[in-house]
Amino acid sequence: MVLSWRLPPFLRLSLLFLAPLVFLLALPSGRAGAAESAALTTTRDSATLVTDTDRYRPGMPLHVGLRLRLQPGWHTYWINPGDAGEAPTLAVQAGGGAAGASGTIAWPVPRRLPDGPLMSYGYTGEVLLPAELRPTGPGDGPMVLQATAEWLVCAAVCVPEQGRFTLTLPPGDPAPSDQAPLFARAAAARPVASPFAAMIASDGVLAITGAGLSSDTVRDAWFMPTISGAIDQDAAQALSVHDGGLTLALKPGDAFHAAPTLDGVLVLKDAAGQERGLSVSARPGAVPTVTPGAVPGPAHSGAARMLLLAFAGGLILNLMPCVFPVLVMKAMALTRLAGGGASARLAGAGAYAGGVIGAFVMLGGVILALRAAGAVAGWGFQFQSAAFVAAMCWLLFAVALNLLGVFGMGNGIAALGGVGVSRTGYLGDAMTGVLAVLVATPCTAPFMGAAIAGALAASPVVAMAVFVAMGAGLAAPYLLLAGVPGLARHLPRPGAWMDILRQGLAFPVLGTCVWLMWVLALQAGAGAIAVLGIGLVLIGLAAWLTGLAQGMAMRDGPARRIRLCRAVALAALALAMALLPGLGGTVSGGAARLAADGSEPFSASRLATLRAQGRPVFVDMTAAWCISCLVNERVALSSAPVQAAFHDRHVVYMKGDWTNRNAAISAFLDAHGRAGVPFYLYYPPGSGDGRALPQILTTGLVLDALKG
């Protein structure tokens, strides 16, 4: 009897749904309320006060902002207006059911506005100037926000303007307002902390050094100081780029030596025209003379170093305690390689590698596209979508049912039978690689964080090369086993034992389904679990009917019954997929979950307050879907010695929960050159800089950091 190893239609449809699901993050999660004051409108501009939530709760920060919509030809100014102008001001006071005051403005990167012999820094079109406000008080009634703002608008003439704005928010669980996307775009437009070293010479030469800088990644650059008069703003800034660094020749101004460091925003423009603002604090010192195009040394190998880190990260990802389904896929692929000839092994491994690399490229391309569109997205972003988590749970449940023999699936994902290798199996091999990457993204190997951050800061060509290198690293062991005959001979041969192994491997996959249920409950609440359960029943029905149809086909059963079973199976699968759009909502239960271990929720303003007080702070950026994060918490951060050290040294343990999308956490990660979690940063007592810890923690590493 010859078995048919064709990929069932319902699984092909399931896998085709995976790629569009990653775009669900760009969709709004639900209807939001308006949170915008009455407008103050002139012939020059329109100004309103806006908030990112439509309700408030005491103790939970919200963001307020002055929204300016300027008429064509008019502009307003940055914190340093340049040679002319005045910076806007915004003061917001809360009263009524809660009290509070807004902090400083989080300034977006400005434009350079030349005007004859003068250079100004400011904004045109529409701009949001955001600030944070933390309400305090009983929260037993509406909170009234009273704002006073002053700003200067200029064209051929300059007109000072001011306004008073009132906005009332009811108490309740905060939900994103209609204006929340404005704040997300403003956060994406803020400069991030520079990952590069900065030095300023006495003659005004600014030197920036670090991996990833080269003539391929930097086509133009300019510097804007935060202090007016620090440099001659209108003077040309001669740029010289070499592998591992760049220099800008600035012309010192009257206030050049007014501060111990030269602070400002460095804008880098890549070959594709994309601009990225970096917050720079340059220390005085001698700047080494480097000939343009010269290579300073192997430590500054730029893109080559990023590619090496990416390959190493993908290679080590094979050993991470990531996800049991990945190990299942590997075991299946390895066993299948032993069942065919050399050419078949190479073709199967090549298809698997193609699926792995293609999935990395797809995820990397989506991240780059979302960030270019102004959205905040990092590595593992697709797991911040409840719909994607549910779809992955259903797909893995179907894989488990296949392993248990409920229905047959020819090759690639579950081909353990060793019945031979056919060309039709290569699609299954490729899909195995895609699925392995999608499930593995919650786990981050060492070196991957630095490589991903470097990729997002580089040109699109270099960025995609980094993602290809990661995929090559993950797929390398299989290519090696397939290409080296001596290694392939040591693989186990097909036999009856493989049926037992196949069925046993179903249970780690089912365990992963339980984990995904837990993640979904944290993301979207108990109601989402009911939807997930209905989908599991429908997936089980589709799998059972597919198995019946396969059995009847092998026994030459009536074609009508076979078609009926397949039609009902596809209908059940389609009905399950129709449930996904209803899983877009989120719940705000992360703070209570994090507080259970003695931590407090992350807040940028709270962190700044603690640092100003000289308090030691340990920042833990985590997510429920991040396997590495959970392992680190269990092995190191929750251990008795670390908890005792936190207590004895009065360390504030602060957690940022990135399970759902969070603009503040994304901005913090971007500011420190990171694109995903886990990320650990320890601020020692006093005013010293934070010290980043490795992505894989041990108790000893944490204790050593606390002693430093």
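Biologist: In which element does tryptophan 544 have its place?

Modeller: Tryptophan 544 has its place in helix 13, where helices are DSSP runs of H or I with at least four residues, strands are runs of E with at least two, and both are numbered from the N terminus. The model is predicted: local features need pLDDT of at least 70 and side-chain atom pairs count only at pLDDT 80 or more, while totals for chains, interfaces and linings use all residues. Residues are numbered from 1 along each chain as its sequence is written, and side-chain values use heavy atoms, with hydrogens and water left out.

Biologist: Is tryptophan 544 buried, partly exposed or exposed?

Modeller: Buried means under 20% relative accessible area, exposed over 50%, and partly exposed in between, with a 1.4 Å probe and protein chains only. Tryptophan 544 has 47% relative accessibility and therefore counts as partly exposed.

Biologist: Which residues make the nonpolar surface patch?

Modeller: A patch takes residues with over 30% relative accessible area and no salt bridge, joining nonpolar side chains (Val, Leu, Ile, Met, Phe, Trp, Tyr) within 5 Å and like charges within 9 Å. Here Leu404, Val406, Phe507, Leu541, Trp544, Leu548, Leu564 and Val568 make a patch of about 690 Å², its area coming from the Shrake-Rupley method with a 1.4 Å probe and only the protein chains shown as cover. Helix 13 (526-554) and helix 14 each give two or more residues to this patch, and helix 13 gives the most, with 3 residues.

Biologist: Which residues of helix 14 are buried?

Modeller: An α-helix has 3.6 residues a turn, so residues three or four places apart point the same way. In helix 14 (residues 559-578), the buried residues are Ile562, Cys565, Ala569, Ala572, Leu573, Ala576 and Met577. Seen down the axis of helix 14, they fall within an arc of 140° and so line one face, the arc being that of the directions from the axis to the C-beta atoms. The face turned away from that buried side carries the exposed residues Arg560, Arg563, Leu564 and Ala578.

Biologist: How many salt bridges are there?

Modeller: A salt bridge is a side-chain nitrogen of Lys or Arg within 4 Å of a carboxyl oxygen of Asp or Glu, and by this rule the count is 9. In one of them, arginine 67 pairs with glutamate 36, their closest N and O atoms being 3.2 Å apart. Because arginine 67 lies in strand 3 (residues 62-70) and glutamate 36 in the loop between helix 1 (9-21) and strand 1 (40-41), the pair ties together parts that are 31 residues apart in sequence. Arginine 67 is buried, at 12% relative accessible area, whereas glutamate 36 is partly exposed, at 25%.
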